[in-house]
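Trainee: I would like a close look at one part of this model, the place where the two protein chains meet. Please take it step by step and then go on to what lies around it.

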Protein chains: 2
Amino acid sequence: MSEVTPVLLDEQLCFSIYSASKKFNHFYQSALAPFKLTYPQYIALLALWEDAPLTVHQLGQRLELDSGTLTPLLKRLEKQGWVTRVRSRTDERQVLIHLTAMATAKRDEVYQRIGQCQTLLGMSDDEIETLMTDLVTVKAQLDQVSHQRLIDKQVNLQK
Amino acid sequence: MSEVTPVLLDEQLCFSIYSASKKFNHFYQSALAPFKLTYPQYIALLALWEDAPLTVHQLGQRLELDSGTLTPLLKRLEKQGWVTRVRSRTDERQVLIHLTAMATAKRDEVYQRIGQCQTLLGMSDDEIETLMTDLVTVKAQLDQVSHQRLIDKQVNLQK
DNA sequence: GACAATTTAATTGTATACAATACTATTTGA
DNA sequence: TCAAATAGTATTGTATACAATTAAATTGTC
């Protein structure tokens with residue numbers, strides 16, 4: 001009697017999320033093609049349209065990305081004219097990310113394009129809300145487990 | 001009266017999924033650290049433990065990954081002794097991915113490790129099932145939209 | 001005020017992802 | 001039969017991700 005079913009529900013859920021995330025990515029990539037923006041670049045702009053300037057660190061907190069990801073991403077956005085990267089005068093360690101006039105000007109156009117493409121997901125707002133609530137639960141649990149892992153790691157190091 | 005709320009529910013959902021996917025990734029990365037496996041490498045092995053050998057193409061269908069991703073991933077798995085890559089004799093175009101004796105031998109150990117770490121997500125099986133069903137809906141819709149995009153693209157090319 | 005500790009970005013190295021292209025082997029069709 | 005189309009894999013180029021390290025600036029403490 002071998003216990004041969006490791007394909008637990010959790011595992012399938014992980015794959016579902018992994019796969020959905022990639023699909024969403026492609027969706028935005030294609031929707032934003034006229035602006036040559038990727039999804040991560042887009043959400044960076046979204047955060048800045050809401051509140052700018054932001055330091056790299058602040059942006060990272062909102063997007064849950066670190067400087068290793070953001071620095072090159074922001075350099076690309078700068079090269080394409082969406083943002084400027086200015087080292088703060090009051091604290092030379094931080095780099096402030098400002099929106100360019102072009103970024104401000106194009107905001108509504110980008111919004112509109114996304115709106116156009118957002119041909120509903122075939123789910124009610126309630127369903128989406130529920131889905132998101134469940135995802136929050138999953139994420140919280142994963143955070144907790146990975147915190148547990150830290151302790152576990154130390155235990156494992158003993159032997 | 002400007003329509004300044006582009007942060008639609010869909011957008012928040014996308015970010016939730018994106019963020020959950022990354023967290024799951026870290027979870028597996030850390031759970032599988034003793035085996036030096038990443039999540040994509042792990043699901044490749046999962047597919048092979050279920051059914052091997054598989055061609056790169058077949059594996060790609062199961063994982064929804066193309067050869068650009070799989071070829072280097074499989075080379076890494078080969079270098080670490082999990083699989084062998086053998087060009088098929090009956091059809092020289094395809095490369096068959098076989099499990100090594102080590103991979104077969106370590107299967108249960110890996111399963112066990114994952115089982116150990118899978119300290120429940122704080123959700124019932126029913127809740128998880130519902131979540132996955134909803135994700136399937138979202139994915140189906142995204143597939144449909146991206147298919148629509150193809151037509152759209154052609155229309156846009158006109159002007 | 002000196003200096004250790006902390007904070008913040010950038011860099012480096014590794015590993016996905018995927019579009020586009022190239023290349024080879026197989027299959028198909030005239 | 002053999003040219004054209006197709007299939008399968010690999011390669012190249014671009015863009016994330018993130019751990020680990022480095023470097024620079026600031027803060028806290030004596």
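How many salt bridges are there between chain A and chain B?

Mentor: The model is predicted. The count between chain A and chain B is four salt bridges. One of them joins A:Lys23 to B:Asp143, with 3.3 Å between the closest N and O atoms.

On chain A, the side that touches chain B draws at least two residues from each of α1 (9-31), α2 (39-50), α3 (56-63), α5 (101-117) and α6 (125-158). The largest share comes from α1(A), with 20 residues. Sorted by class, this side of chain A holds 35 nonpolar, 11 polar and 17 charged residues.

As for extent, 63 residues of chain A are in contact with 63 residues of chain B. The size of an interface is often given as the accessible area lost when the parts come together. Here the area buried between chain A and chain B is about 6,300 Å², and carbon and sulfur atoms give 67% of that area.

One residue of helix α1 of chain A can be followed within its own chain: A:Asn25. Apart from neighbours within four places in sequence, A:Asn25 is in contact with A:Tyr39 and A:Pro40. A:Asn25 and A:Tyr39 are 14 residues apart along the chain, and their C-alpha atoms are separated by 6.0 Å.

Next come the DNA strands. Around DNA strand C there are 29 residues, and those that come nearest are A:Tyr18, A:His26, A:Arg93, B:Thr38 and B:Gln41. Of the atoms of DNA strand C that come within 4 Å of the protein, 77% belong to sugar and phosphate. A polar side-chain atom of A:Tyr18 lies 2.5 Å from a phosphate oxygen of DNA strand C.

DNA strand D is surrounded by 29 residues, the closest being A:Thr38, A:Gln41, B:Tyr18, B:His26 and B:Arg85. Sugar and phosphate make up 77% of the atoms of DNA strand D that come within 4 Å of the protein. An N or O atom in the side chain of B:His26 is 2.7 Å from a phosphate oxygen of DNA strand D, and a backbone N or O atom of A:Thr90 lies 3.3 Å from a phosphate oxygen. A base is reached too: a side-chain N or O atom of B:Ser67 is 2.8 Å from a base nitrogen of DNA strand D.

Last, the sheet of chain A. Three strands form an open sheet in the order β1-β3-β2, with antiparallel pairing. Because β1 (54-55) and β2 (83-87) of chain A stand at the edges with a single partner strand each, one side of each has no neighbour in the sheet. β2(A) pairs with β3 (residues 95-99) of chain A over five bridges. Across this pairing, A:Arg85 stands opposite A:Ile97 in β3(A).

Technical notes
Residues are numbered from 1 along each chain as its sequence is written. Chains are lettered from A and ligands numbered from 1 in the order in which they are written. This is a predicted model: local features need pLDDT of at least 70, side-chain atom pairs count only at pLDDT 80 or more; totals for chains, interfaces and linings use all residues. Side-chain values use heavy atoms; hydrogens and water are left out. Contact means heavy atoms within 4.5 Å. Buried area is the accessible area (1.4 Å probe) that two parts lose on being put together, summed over both. A salt bridge is a side-chain nitrogen of Lys or Arg within 4 Å of a carboxyl oxygen of Asp or Glu. Helices (H or I, at least four residues) and strands (E, at least two) are DSSP runs, numbered from the N terminus. Ala, Val, Leu, Ile, Met, Phe, Trp, Tyr, Cys and Pro count as nonpolar, Asp, Glu, Lys and Arg as charged, and the others, Gly among them, as polar. A residue is near a molecule or strand if one of its heavy atoms lies within 4 Å of it. A polar contact is a pair of N or O atoms within 3.5 Å; within protein, one must be able to donate a hydrogen and the other to accept it, and residues adjacent in sequence count only if both atoms are side-chain atoms. Two strands pair if DSSP finds at least two bridges between them.
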